[in-house]
Amino acid sequence: MEAFNAGTLAGAGSFRCDSCGFEIALHERDQVPECPECSGDRFRRLSLFGRPAPRAEPHTVDGPPDWLEEARDALVTEGDYLAFDDGERIHVMPLQDGWTRVGRSLSAHVRFDDPTVSRRHALVYRDEEGARILDDRSLNGVFRNGERVELSPLADGDEIAIGKYRLYFVECAGESVGSGERFSRAVG
């Protein structure tokens with residue numbers, strides 16, 4: 001099977017890093033990225049009928065980022081939120097009751113335009129019982145606090161890994177409602 005390490009690939013498909021097995025989905029003439037897991041630069045096209053390579057699990061969890069407490073303090077409305085850094089800005093998105101779609105699709109509520117994220121990567125479901133994360137048949141999986149999950153309840157402060165992105169689940173209720181000081185940080 002041919003390996004790729006530079007340029008663009010003709011045609012859409014799924015590819016696996018030769019070094020660590022991380023999988024990405026590319027479309028038509030997407031540029032071959034650096035592997036977000038190991039920084040490798042060689043990928044092989046996945047066989048439709050082949051067996052998946054073993055993945056390095058669990059993901060490492062570095063602890064909450066410095067900006068998370070500032071973002072939490074800026075919240076003035078009770079509720080559940082997803083907070084993440086997309087490389088340009090810090091986002092804090094309120095979760096509504098029902099389904100929140102996360103993925104690369106234009107129909108996703110939380111959208112990441114990156115080949116490490118599947119079009120339909122994950123779903124967050126929120127109701128009176130709490131919030132849960134569900135892997136929506138993604139290529140690279142969903143990780144909660146470093147462990148791969150198919151369906152898992154979410155608790156305040158949980159780290160959710162989706163592709164190369166880290167999202168944080170924030171519960172804001174009662175005394176945890178912040179001062180409302182404006183939080184806005186662009187990442188340089």
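**Salt bridges and their surroundings**

Author: Glu69 is partly exposed, with a relative accessibility of 46%; here buried means under 20% relative accessible area, exposed over 50%, and partly exposed in between (1.4 Å probe, protein chains only). The model is predicted, so local features need pLDDT of at least 70 and side-chain atom pairs count only at pLDDT 80 or more, while totals for chains, interfaces and linings use all residues. Residues are numbered from 1 along each chain as its sequence is written, and side-chain values use heavy atoms, with hydrogens and water left out.

Glu69 forms a salt bridge with Arg72, their closest N and O atoms lying 3.4 Å apart; the term denotes a side-chain nitrogen of Lys or Arg within 4 Å of a carboxyl oxygen of Asp or Glu. Because the two are three residues apart in helix α1 (residues 67-73), about one helical turn separates them. Helices (H or I, at least four residues) and strands (E, at least two) are DSSP runs, numbered from the N terminus. Arg72 is buried, at 12% relative accessibility.

A second salt bridge joins Arg126 to Asp80, with 2.9 Å between the closest N and O atoms. This pair links distant parts of the chain, 46 residues apart: Arg126 is in strand β9 (residues 122-127) and Asp80 in strand β5 (residues 79-85). Both Arg126 and Asp80 are buried.

Arg126 also forms a salt bridge with Asp97, at 2.6 Å between the closest N and O atoms. Asp97 lies in the loop between β6 (90-94) and β7 (98-103), so its pairing with Arg126 ties together parts 29 residues apart in sequence. Asp97 is exposed, at 58% relative accessibility.
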